[in-house]
Amino acid sequence: MEDALLLVLQLLGATIRVATPLVLAAFAGLYCERAGVVDIGLEGKMLAGAFFAAAAASATGNPWLGLLAAIAAGVALALVHGFACVTHHGNQVVSGMAINILVAGLAPSLAYAWFQQGGQTPQLPSSARLPSVELPGGEALSGVPVLGAVWRELIDGTNILIWVTLALVAATHWVLYRSRFGLRLRAVGENPAAVETAGISVTRLRYQALIVTGVLTGMAGAYLSTGHGAGFVRDMTAGKGYLALAALIFGKWRPGPALFACLLFAFTDAVQVRLQGVPLPGIGVIPVQFIQAIPYLLTVLLLAGFVGKAIAPKASGIPYVKER
Amino acid sequence: MRSSGSGWGQPGAVPGWVGYALLPILNLAVAFALSGLVILVIGENPVDVLALMLSEALGYPEAIGYTLYYATDYIFTGLAVAIAFHCGLFNIGGEGQAYLGGLGAGLVALALTGWPWPVVALLAILASALFGAAWAFVPAWLQARRGSHIVITTIMFNFIAASLMTWLLVDVLIRPGSQSPETREFDPGLWLPSMERALGWVGVTIPASPLNLSFLWALACCVLFQIFLRHTRWGYELRTVGRNERAAVYAGISPSRNIVIAMLLSGALAGFVGVNEILGVQHRIILNFTGGVGFVGIAVALMGRNHPVGIVLAALLFGVLAQGGGQVSFEYPTINRELVMVIQGLVILFAGAMENLFKQPIEALFRRRATPAADSGRG
């Protein structure tokens with residue numbers, strides 16, 4: 001009984017840790033896609049965030065400067081995306097893909113040149129990593145049957161970015177559905193001409209959305225390399241940006257369902273790690289490669305629309321050309 | 001406002017070469033200038049690096065052979081992306097389709113030991129097309145029937161292909177007693193002849209390089225591509241769906257049917273990478289032989305304006321980058337192969353996403369020069 005509880009709690013803990021960068025990236029995508037800009041460059045922005053966070057933290061020893069560098073990198077790339085797609089009406093998928101390829105080359109190239117460790121950054125000491133939040137009360141609760149374990153495994157010692165992410169989820173819901181900015185954001189994704197008619201600049205709104213996207217993807221990257229991990233390694237996002245995008249589509253571009261989709265992917269991943277090398281009754285040991293492919297297979301199955309059709313914001317992917 | 005010539009009733013004011021030559025060259029120049037900046041940040045002299053890159057890719061016959069060998073892959077994937085584009089689809093799954101194509105070609109070669117090479121080559125071409133098309137079929141069907149986002153599903157199929165191939169090579173097809181995940185070498189009698197050998201038959205001597213007969217097949221595919229797209233009913237239907245799905249429906253053309261056809265052809269074309277790599281060069285199935293060719297195909301198709309001639313030219317450019325970049329990383333200790341990806345990314349960004357960057361100022365310049373009278377008359 002005690003073991004089963006521990007297993008469940010460990011699975012949930014792993015789920016939350018894996019879900020954090022996914023949630024940040026998916027919510028990053030939420031802002032710009034609700035504003036009508038498709039961004040498959042989440043992956044690249046995350047990778048850039050991961051690299052610059054680790055590089056700055058390694059150079060200065062300060063994780064907060066790392067976080068700042070990651071956010072700056074994310075915003076810079078988001079602005080490039082905006083310059084190509086909003087200002088020059090370029091193809092949004094092409095621009096996103098270009099950013100992914102650019103960063104996949106740039107991050108290891110710079111790491112190779114700056115740190116001479118074969119495309120990685122040096123291992124970060126714990127003082128240069130984003131801290132975990134130690135909460136009081138662990139002592140007092142340790143004797144309590146279930147609550148003590150929950151407190152120990154799930155809540156105490158959680159990375160600070162996880163708490164920030166939690167706050168951002170709530171904030172995003174409020175911004176999107178309760179604030180004037182959110183109303184305009186949703187409007188510009190559905191009918192930019194109407195927004196323009198109301199005297200609000202479509203270009204300005206879309207850039208604002210993209211800046212939020214850049215900030216959030218930068219944070220997601222910083223979490224990967226300085227929160228969860230201890231340094232940048234080549235290709236460390238490993239498709240998380242695409243999974244986040246899939247979660248966003250599966251969540252029908254709404255915060256709550258997108259959050260749920262991210263948690264589902266993360267849970268699959270947590271289970272996947274546990275399943276490796278474990279014989280299953282009646283099947284035997286499943287080759288590790290198949291287990292690793294589960295999140296991707298799940299994505300395809302979910303996108304196959306077996307859970308209802310996903311309808312994108314109406315103007316998403318279409319450059320807005322102002323009438324003259 | 002959108003089309004170049006028809007603004008204000010002045011057809012042909014902007015010459016055609018501005019669109020397909022001047023603007024791409026300008027965009028390329030910016031991409032290379034920024035690449036130079038990255039090389040500067042790394043701490044090397046960009047002019048030296050780019051000059052070495054060029055001379056190592058085009059400077060001597062052996063280097064040209066390598067460049068053309070890389071270009072062969074890029075022609076296949078460029079055509080693959082282009083045919084999907086013509087149907088309004090974005091196939092990012094070239095990578096996985098090429099990987100599976102290699103599996104098809106390899107399995108044929110493993111099974112037919114002792115057969116004459118032309119028969120094996122023919123069957124391998126068929127098998128790689130079949131495997132590549134099969135890998136494209138599921139995303140295509142899901143897009144056509146369920147409206148699943150093909151960009152995401154094809155990306156996911158790249159990851160799934162990587163898992164599948166790793167499993168096959170580690171657990172199933174591995175040469176017994178071997179440590180590295182690869183199959184046994186094919187019987188040398190059925191390797192696809194290298195260009196050096198093939199030209200030797202007609203008395204021409206060229207230095208040895210990985211360039212092989214699949215280069216000719218790539219050029220043939222370019223011709224077939226154009227004939228299919230421009231001179232057959234199927235090609236017309238496919239383009240109609242890509243241009244305007246609703247118009248296609250009214251014309252009695254089924255969009256979902258054409259989406260599937262376009263993706264099957266796209267997957268087959270990407271699969272031919274396997275013929276070049278597996279049957280022509282590696283002579284066994286190995287891990288990760290694709291190395292990003294599917295993604296380069298996107299850049300090639302964009303730069304080549306989805307036209308075979310443009311695709312061949314763009315494939316040559318990226319062949320130069322791949323070959324030259326590889327050699328540069330040997331010469332400079334601070335530069336590694338990934339620098340090529342930086343240049344590729346910048347080229348895609350400027351030649352693809354920012355293709356309109358100079359369009360308005362340049363076209364305005366040409367219009368002013370062409371019709372000064374009309375302009376002054378209107379003002």
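Predicted model: local features only at pLDDT ≥ 70, side-chain atom pairs only at ≥ 80, totals over all residues.

Trainee: What does the radius of gyration say about chain B?

Mentor: The radius of gyration is taken over C-alpha atoms, and the globule rule is 2.2 Å times the number of residues to the power 0.38. For the 379 residues of chain B the rule gives 21 Å and the model has 22 Å, so chain B is as compact as a globular protein of that length.

Trainee: What percentage of the residues in chain B is buried?

Mentor: A residue is buried if 20 or more other C-beta atoms lie within 10 Å of its own, exposed if 12 or fewer, and partly exposed in between, with C-beta atoms placed from the backbone. Buried residues make up 52% of chain B and 50% of chain A.

Trainee: Which domains does chain B have?

Mentor: Domain bounds come from an automatic or database domain assignment. For chain B it gives domain 1 (16-44 + 335-362) and domain 2 (61-331). Their C-alpha centres lie 25 Å apart. Two residues are in contact if their C-beta atoms, placed from the backbone, lie within 7 Å. By that rule, 13 residues of domain 1 touch 13 residues of domain 2. On the domain 1 side, H1 and H15 of chain B give two or more residues each, and H15(B) has the largest share, 8 residues.

Trainee: Which residues have the most contacts inside the largest nonpolar core?

Mentor: In soluble globular proteins, nonpolar side chains tend to be buried together. A nonpolar core here is a set of buried Ala, Val, Leu, Ile, Met, Phe, Trp, Tyr and Cys residues joined through C-beta atoms within 7 Å. The largest has 229 residues, and those with the most contacts inside it include Leu22(A), Met219(A), Leu79(B) and Ile348(B). Domains 1 and 2 of chain B both give residues to this core, so it lies between them. Leaving out residues up to four places away in sequence, Leu79(B) touches Cys221(B), Cys222(B), Phe225(B), Leu269(B) and Ile311(B).

Trainee: How many residues does each chain bring to the contact between them?

Mentor: Chain B brings 42 residues and chain A brings 40. Among the elements of chain B that each supply at least two residues to its side are helix H1 (16-42), helix H5 (117-146) and helix H6 (150-172). That side divides into 25 nonpolar, 13 polar and 4 charged residues. Ala, Val, Leu, Ile, Met, Phe, Trp, Tyr, Cys and Pro count as nonpolar, Asp, Glu, Lys and Arg as charged, and the others, Gly among them, as polar.

Trainee: Is helix H11 of chain B largely enclosed or open, and why?

Mentor: Of the 17 residues of H11(B), 14 are buried, so this helix is largely enclosed by the rest of the structure.

Trainee: Which residue other than glycine has a positive phi?

Mentor: Most residues other than glycine have a negative phi, and most peptide bonds are trans. Asp235(A) is one with a positive value, near 55 degrees. Asp235(A) sits in the loop between helix H10 (202-228) and helix H11 (240-250) of chain A, and is exposed, with 11 other C-beta atoms within 10 Å. Arg305(B) also has a positive phi, near 55 degrees. Arg305(B) is partly exposed, with 18 other C-beta atoms within 10 Å.

Technical notes: Residues numbered from 1 in each chain as written. Chains lettered and ligands numbered in written order. Helix = DSSP H or I, 4+ residues; strand = E, 2+ residues; numbered from the N terminus.
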